[in-house]
Amino acid sequence: MVPALLFKTMNLDPKEIARQNDSTVTEFVLEGLTDRPELQLPLFLLFLGIYGVTVMGNLGMILLITFNSKLQSPMYFFLGNLSFLDLYSSVVTPKLLENFVWEKNVISYPGCMTQLFFFCVFDIAECYIPTAVAYDRYVAICSPLLYNVTMSQKICNMLVSGVYLMASFGAMLDTIFITRLSFCEDNIIRHYFCDILPLLKLSCSSTYINEIVMIIGGGFNMFITTVAIIISYAFILSNILQIPSSESRSKAFSTCGSHLTVVGLFYGSMIFTYLKPASSSNMASEKVASVFYTTVIPVLNPLIYSLRNKDVKNVLSKVMCMRYGPPQGSTQNH
């Protein structure tokens with residue numbers, strides 16, 4: 001009763017919808033990163049090591065920020081959420097590693113759509129959290145007297161909730177439009193995970209609407225966040241230049257530079273991959289670009305955003321001292 005009413009309201013014929021969604025494919029085969037046998041073992045060990053460091057680094061940051069009272073400021077609240085988002089490599093990397101081990105890496109149709117949805121959620125949210133970090137730094141440096149009011153816990157919770165809501169909505173939209181496509185005889189996804197572009201290339205139905213949705217949605221997310229980040233750091237740099245101490249200026253420039261480097265790598269690889277028609281894409285080069293935002297960026301973020309931070313290093317050293325005792329040199333000095 002309800003589906004029929006929904007179709008009637010939308011002026012859609014249920015039989016036509018069923019025909020459009022009639023897909024003979026029940027599972028896909030992931031082609032993987034490379035088919036060269038001599039590279040399988042070295043790449044497996046490389047990505048396994050990167051994945052291990054990513055998981056340990058980001059989980060470590062989440063635990064440090066959650067349970068240490070000295071890291072309860074808004075900046076670390078956002079960095080904790082960024083570390084959580086960087087665990088999205090767990091959505092992609094296990095299947096990537098399977099490609100190096102198994103001759104045929106199969107993923108079911110529901111499994112593929114699930115992977116696509118969660119990848120899109122984390123991917124979109126990854127665009128917005130660095131924007132929140134940039135805004136937090138802007139308020140802290142440019143309006144320090146208003147910092148506690150402007151970045152209250154309530155506002156921080158609202159910002160992060162908005163990020164996850166936007167990400168979930170965008171991911172749901174992308175996934176629903178993909179499920180409307182038909183997939184016929186060819187079921188080999190020429191990628192190492194279920195991403196939008198490889199699925200568009202594989203479809204045997206028209207992908208015009210999907211491409212429009214992808215370009216508009218991706219363009220909106222990247223434009224809004226990029227402009228906000230550039231404006232925030234422009235004001236930050238303007239204030240840094242007014243700092244009389246050259247040492248303090250150098251430290252601030254180094255921090256901003258490292259943040260912008262990671263943001264540039266992430267956005268650059270995303271723009272290269274998604275903001276162009278699917279017909280003009282080259283899957284070999286897009287696999288390389290995908291490695292950056294699915295594997296490299298998640299391992300760089302805890303190093304650049306957090307482990308270079310003095311407060312985090314102090315807390316980490318205290319935790320290590322409590323666990324393993326003070327360094328031998330410091331003991332001898334006492």
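Guide: The model is a predicted one. The protein has 334 residues, of which 43% are buried, and its secondary structure comprises 14 helices and three strands. Among contacts with a separation of 6 or more, 79% join residues 24 or more positions apart.

Helix α5 covers residues 89–101. Its 13 residues reach 18 Å from the first C-alpha to the last, close to the 18 Å expected at 1.5 Å a residue. The buried residues in α5 are Ser89, Val92, Thr93, Lys95, Leu96, Leu97, Asn99 and Phe100.

One partner of α5 is helix α3, residues 37–67. The two axes come within 9 Å and cross at roughly 160°. That angle is over 145°, so α3 is roughly antiparallel to α5. The crossing is left-handed. On the α3 side the contact is made by Gln40, Leu43, Phe44, Phe47, Leu48, Tyr51, Thr54 and Val55. On the α5 side the residues are Ser89, Ser90, Thr93, Pro94, Leu96, Leu97, Asn99, Phe100 and Val101. By class, this contact has 11 nonpolar residues, six polar and no charged. Several of the α5 residues named here are also buried, including Ser89, Thr93, Leu96 and Phe100.

Another partner of α5 is helix α6, residues 109–142. Here too the axes come within 9 Å, but the crossing angle is roughly 135°. This makes α5 oblique to α6. From α5, Val91, Val92 and Lys95 take part, and they meet Gln115, Phe118, Phe119 and Phe122 of α6. The residues of this contact are five nonpolar, one polar and one charged. Val92 and Lys95, which both meet α6, are also on the list of buried residues in α5.

Tyr293, in helix α12 (residues 283–307), is 204 residues from Ser89 in sequence, yet their C-alpha atoms are separated by 9.0 Å. Tyr293 has a relative accessible area of 0% and is therefore buried.

Returning to α3, this helix also packs against helix α4, residues 74–85. Their axes come within 8 Å and cross at roughly 150°. The two helices are therefore roughly antiparallel to each other. This crossing is left-handed. Asn58, Met61, Ile62 and Ile65 of α3 make the contact with Tyr76, Leu79, Gly80, Ser83 and Phe84 of α4. Six of these residues are nonpolar and three polar, with no charged residues.

Tyr147 lies in helix α7, residues 147–150, and counts as buried because its relative accessibility is 14%, under the 20% cut-off. Beyond its neighbours within four places in sequence, Tyr147 is in contact with Pro74, Met75, Asp136, Arg137, Val139 and Ala140. Of these, Asp136 is 11 residues from Tyr147 in sequence, with 8.4 Å between the two C-alpha atoms.

Key: Residues numbered from 1 in each chain as written. Predicted model: local features only at pLDDT ≥ 70, side-chain atom pairs only at ≥ 80, totals over all residues. Heavy atoms only, no water. Axes fitted to C-alpha atoms, helices over the stretch in contact; angles between N-to-C directions. Helix = DSSP H or I, 4+ residues; strand = E, 2+ residues; numbered from the N terminus. Parallel < 35°, antiparallel > 145°, perpendicular 65-115°, else oblique. Left-handed = near helix turned anticlockwise from the far one by under 90°. Contact = heavy atoms within 4.5 Å. Nonpolar A, V, L, I, M, F, W, Y, C, P; charged D, E, K, R; others polar. Expected span 1.5 Å × (residues − 1). Buried < 20%, exposed > 50% of the residue type's maximum accessible area, 1.4 Å probe, protein only.
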